[in-house]
Amino acid sequence: MPFFHRDLTDEELVGFTDQELIGRIAEGETRAFDELYRRYSRRLLHYFARMLGAEKAQDFLQELFLKVIEKAASFAADGSFSTWAFSIAHNMCCNEYRYMAVRRDTVATDIDQLLPTEAHSGIERRLDHAAFVESLIAELEGLDQVKRSTFLLRFQEEFSIDDIARIMNCSAGTVKSRLFYTTRLLAERLKAFHPCLDEENQYE
């Protein structure tokens, strides 16, 4: 781990890009790390909570940012920090699923943001929202790790298809296929909240 030798001032931090902050972190500047943590810790914490459960999320977040410090010098200057950070997070979750029996705990209640906008707006008009959220949480918990991660990266974190492909180390076509089948599966399982779904499907 590098030795932090000088703090940046608030004025110096204004306007810094993620790439510039990473460069400063590699040089050991504490405030650069603090700023990057401020920008991304909440998003990454939510991702870990939905993937592994709330009790594990904070520990995994701290471990991830330790990895950021340790690997800062190897970060590509022309790369996207968010894609890089979520790649690390995704791999950490894969390892956790591989070696441990993961038990999900409490998840955030803003789960309604995870559905595609067109499906969300249609459902929102027809359901008891609390019942829908409860059902959607249960369905997400039942997805395998790959489907859940793909879905969250797209509809919670709003990464592009290409970014998700880089994060998950697969092709864009594979990402599209996973999203297609996952959203269709969720729509089918939650169709009780959408009275018009079966009628609409008759015309596909």
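A contact is counted here when heavy atoms lie within 4.5 Å. Among contacts in the protein between residues at least 6 apart in sequence, 64% join residues at least 24 apart. The model is predicted: local features require a pLDDT of at least 70 and side-chain atom pairs count only at pLDDT 80 or more, whereas totals for chains, interfaces and linings use all residues. Residues are numbered from 1 along each chain as its sequence is written, and side-chain values use heavy atoms, with hydrogens and water left out.

The protein contains eleven helices and zero strands, where helices (H or I, at least four residues) and strands (E, at least two) are DSSP runs numbered from the N terminus. Read along the sequence, the pattern is α-α-α-α-α-α-α-α-α-α-α. Of the 204 residues, 44% count as buried; buried means under 20% relative accessible area, exposed over 50%, and partly exposed in between (1.4 Å probe, protein chains only). The protein exposes about 11,200 Å², of which carbon and sulfur atoms supply 49%. Accessible areas come from the Shrake-Rupley method with a 1.4 Å probe, and for residues only the protein chains shown count as cover.

Helix α10 (residues 172-189) was examined for its length and its faces. At 1.5 Å a residue, its 18 residues should span 26 Å, and the end C-alpha atoms are 26 Å apart, which agrees; the expected span of a helix is 1.5 Å times one less than its number of residues. Val-175, Leu-179, Thr-182 and Leu-186 of α10 are buried. These residues cover an arc of only 75° around the axis, which puts them on the same side of α10; the arc is that of the directions from the helix axis to the C-beta atoms. An α-helix has 3.6 residues a turn, so residues three or four places apart point the same way. The face of α10 turned away from the buried side carries the exposed residues Lys-176 and Tyr-181. Tyr-181 has a relative accessible area of 54%. Tyr-181 and Lys-147 are 34 residues apart in sequence, and their C-alpha atoms are 8.9 Å apart in space.

The structure holds 13 aromatic pairs. Rings of Phe, Tyr and Trp (its six-membered ring) pair if their centres lie within 6.5 Å; planes under 30 degrees apart count as stacked, over 60 as edge-to-face and the rest as tilted. Tyr-37 is partly exposed at 24% relative accessibility, while Phe-65 is buried at 2%. The rings of Phe-48 and Phe-60 have centres 5.7 Å apart and planes at 50°, so that pair is also tilted. Phe-48 belongs to helix α3 and Phe-60 to helix α4, so the pair ties together parts twelve residues apart in sequence. Both Phe-48 and Phe-60 are buried. Ring pairs link Tyr-47, Phe-48, Phe-60, Phe-86 and Phe-159 into a cluster.

Backbone angles were also considered. Most residues other than glycine have a negative phi. Glu-158, although not a glycine, has a positive phi of about 60°. Glu-158 is found in the loop between α8 (145-155) and α9 (161-168), and is exposed, with a relative accessible area of 65%. Asn-169, likewise not a glycine, has a positive phi of about 55°. Asn-169 is found in the loop between α9 and α10 and counts as exposed at 73% relative accessibility.
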